[in-house]
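Please read the numbered points with the sequence and the model in view.

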Amino acid sequence: CATANANDEKMNPLDLEQSAPLRRRPVRPPNTATDGDNVSSYPMGPPGLPAHHPLNILKRSAIISGTLYALYDINVFHSILHSPDVSHTWFKTGIATSLAIIAIKAYIELYEGKKRNKRVEYDNFKTATHAIILLILASWISFHMALSPVYGGFKSLLIMVGFGYGVLIQGALVVPVWGQNLIAVVAMTFFLQQYK
């Protein structure tokens, strides 16, 4: 009987469960699901401050400002607009793919999401998601090919990562969806007027 207790202690199922990674808690408390949603399928965000807490907004604004200053400091904007070394054909291809991304994003978020009340998630928009992924890849390749004659391969990749993470992602985390679409249209219109 003593050997059976020793084996039970070695094979305790709690040991296996405690060694597993921590699971996220549901966003809503149990038994508050509406329209049959599975509550446990919605993970909570990371612990810490809420997304629109002033310190988070200040941090993201500092990242955006620092990235824009770094891009200004190495003359990226001036080189794009005036340098003969920039491959303008590739750059125009990158602009066209960026405009296509903005158009698909606005259609899905504003028309399908707001007007038709469809939930904007991968299961509802698989084709559009894959199209946007391919367009992002095409725009990255186009902008890399356009900027690499001026800045070289590695520095042009750093410029694109800096702009993508430091401006686009941080801006998307600060600005609501309707503002993102408005800013994108205004910024692209202004840039297209400046770019020749």
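This is a predicted model: local features need pLDDT of at least 70, side-chain atom pairs count only at pLDDT 80 or more; totals for chains, interfaces and linings use all residues.

**Notes on the helices, the core and the surface**

1. Just after α5, residue N117 adopts a positive phi of about 55°.

2. Helix α5 covers residues 88-115, 28 residues in total.

3. Which residues of α5 are buried? They are F91, G94, I95, T97, S98, I101, I102, I108, E112 and G113. Their cover includes α4 (76-82), α6 and α8 (177-194).

4. The largest nonpolar core consists of 16 residues, and V76, I80, F91, I95 and I159 have the most contacts inside it. At least two residues of this core come from each of α4, α5, α6, α7 and α8. The greatest contribution is that of α6, with 4 residues.

5. Leaving aside residues up to four places away in sequence, I159 touches L71, I74, V76, L147 and Y151.

6. On the surface, a nonpolar patch is formed by I136, W140, L157, V161, F163, Y165, L168, I169 and L173, which together have about 800 Å² of accessible area. The elements giving two or more residues to the patch are α6 (126-151) and α7 (153-174). Of these, α7 gives the most, with 7 residues.

Notes: Residues are numbered from 1 along each chain as its sequence is written. Side-chain values use heavy atoms; hydrogens and water are left out. Patches are made of residues with over 30% relative accessible area and no salt bridge: like charges are joined within 9 Å, nonpolar side chains (Val, Leu, Ile, Met, Phe, Trp, Tyr) within 5 Å. Accessible areas come from the Shrake-Rupley method with a 1.4 Å probe; for residues, only the protein chains shown count as cover. A salt bridge is a side-chain nitrogen of Lys or Arg within 4 Å of a carboxyl oxygen of Asp or Glu. The expected span of a helix is 1.5 Å times one less than its number of residues. Buried means under 20% relative accessible area, exposed over 50%, partly exposed in between (1.4 Å probe, protein chains only). Contact means heavy atoms within 4.5 Å. A nonpolar core is a set of buried Ala, Val, Leu, Ile, Met, Phe, Trp, Tyr and Cys residues joined through side-chain atoms within 4.5 Å.
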